[in-house]
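Subject: Structure handover

Hello,

My notes follow below it.

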Amino acid sequence: MKIKEEMKSDVAILILRGELRGGPETTAVHDHIKGLIADGVTKVVVDLAKVKWLNSSGFGVLLGGLTSLRNAGGDLKLAGVTERVESLLMMTKLISIFETFETKDRAVASFVKG
Amino acid sequence: MVFELDHGWEHEEIEFCLNTVRTAIGYRLAAERFQSDLRQAAQIQLSLLPDSPPPIAGYQVAGKQIPAELVGGDLYDYYPFDDGCFGVAVGDASGHGLPAALLVRDVVTGLRMGIEKELKIQHVFRKLNRVIHRSNLSTRFISLFYGELESNGNLFYINAGQPPPLLFSEGGIQELGVGGIAIGPLPETDFKRGFAHMDHGSLLVLYTDGLIERENRAGDRFGIQRLKKLSLKHRGDDPDQILDLIFDSAQKFGKVAKWEDDITVVVIKRTL
């Protein structure tokens, strides 16, 4: 799992690559989000376009990030959600918690509008 | 222990060697203690799973679980009631290993305390969600299906984020998806109650996502269609046989000895 960070205005984009299946690499995502909050960044887009697969541990970490960011007055939005990942979001009905967008640009734009 | 040293050994060298041995033994003992604790945790978890399904007039029931690690994050349970009705639960905690197992223990205990005939199951789920949300880290959640089967074939259920159980009857295949979001992520949430009917001879297959997500080396998944085909083909068999066929088929499909995720399957057939 690799994490690349980009900033667009006050929105951080975390581009993930690989798999989110639990373990230290998954925890690193939550730690990265906590680091952003500590730096005062509370609007985060997680780009999953290059994530081959994420399991329930992966969803758990995204949920943890979402909760931390909302508690800090911000939000976490998902971009580049593949069909397979979306089907899992639908099944667990977690789709009702996460806002999802086709591209990271649209996700960033939604922060500006919202 | 007494031993003799030849000439040429320095005091520091002896101390270094002995300290190294002492550290290695210390690590070994700590690892053995950890393994022992883990085995005890596995025993506690096994004791929470039903040994065998209760005898229920008009139904045959079979269930099985394979954890990916020594302790697992899946659950299944049965709740027999006095009037011939019975409840069945299948769940899957996020992640696996010890943290998931602890969440499973909380939910099994909560359901056993909360589930009572005539008590609205939506109320139990709402309460369970509140308790789990408060008591867990924000990264943890559990998907849970609970259904109550009556002797006349009526089935009332709530599906909180589980893969929809499959009901095979003469009319076709029905997916039981009514319910709500998985338990834990939200402080407050509502659940809808679903209804289905099991005709004589119909079959209900409940499973966790570890089954349909099992991958082979080519990256293909076992998938829901394969499960449907297999269950349809063997609909006339006993639930025990169907259960074994499903696990055998998933094992052969993956071709690797280790299961990557916990897998639980419960098969229920209405016989009368």
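**Sheet of chain A**

Chain A has an open sheet of five strands, ordered β1-β2-β3-β4-β5, with mixed pairing. Bear in mind throughout that this is a predicted model.

The edges of the sheet in chain A are β1 (2–8) and β5 (99–101). Each has a single partner strand, so one side of each is left without a neighbour in the sheet. From one strand to the next, the twist averages 25 degrees.

β1(A) and strand β2 (residues 11–20) of chain A run antiparallel and are joined by seven bridges. Within that pair, Ile3(A) has Leu16(A) in β2(A) as its bridge partner.

Two helices of chain A belong in this picture. Helix α1 (residues 24–38) of chain A lies across β1, β2, β3 (43–54) and β4 (75–79) of chain A. Helix α1 of chain A runs at about 175 degrees to β2(A). Helix α3 (residues 83–92) of chain A also packs on the sheet, where it touches β3, β4 and β5 of chain A. The direction of helix α3 of chain A makes about 110 degrees with that of β3(A).

**Sheet of chain B**

Chain B has an open sheet of five strands too, in the order β1-β11-β10-β6-β7. Here the pairing is antiparallel.

Which strands stand at the edges in chain B? They are β1 (59–66) and β7 (172–175). Both have a single partner strand, so one side of each is left without a neighbour in the sheet. On average, neighbouring strands of this sheet are turned by 15 degrees against each other, direction ignored.

Further in, strand β6 (residues 166–169) of chain B pairs with strand β10 (residues 203–207) of chain B. That pairing is antiparallel and spans three bridges. Phe168(B) stands opposite Leu203(B) in β10(B). Helix α5 (residues 223–233) of chain B packs on the sheet and touches β6, β7 and β10 of chain B. The direction of helix α5 of chain B makes about 35 degrees with that of β6(B).

Ile66(B) lies in strand β1 of chain B. Its contacts, leaving aside neighbours within four places in sequence, are Phe247(B), Trp259(B), Asp261(B), Asp262(B) and Ile263(B). The C-alpha atoms of Ile66(B) and Val205(B) are separated by 16 Å, and these two residues are 139 residues apart along the chain.

**Interface**

Now the two chains together. In contact across the interface are 23 residues of chain B and 19 residues of chain A. About 1,600 Å² is buried between chain B and chain A. Carbon and sulfur atoms give 58% of that area.

How many salt bridges does the rule find across the interface of chain B and chain A? It finds two. Arg84(A) forms a salt bridge with Glu213(B), with the closest N and O atoms 3.4 Å apart. By class, the side of chain B that touches chain A has eight nonpolar, ten polar and five charged residues.

Best regards

Conventions. Residues numbered from 1 in each chain as written. Chains lettered and ligands numbered in written order. Predicted model: local features only at pLDDT ≥ 70, side-chain atom pairs only at ≥ 80, totals over all residues. Heavy atoms only, no water. Contact = heavy atoms within 4.5 Å. Buried area = accessible area lost by both parts, 1.4 Å probe. Salt bridge = Lys/Arg side-chain N within 4 Å of Asp/Glu carboxyl O. Nonpolar A, V, L, I, M, F, W, Y, C, P; charged D, E, K, R; others polar. Pairing = 2+ DSSP bridges. Helix = DSSP H or I, 4+ residues; strand = E, 2+ residues; numbered from the N terminus. Axes fitted to C-alpha atoms, helices over the stretch in contact; angles between N-to-C directions.
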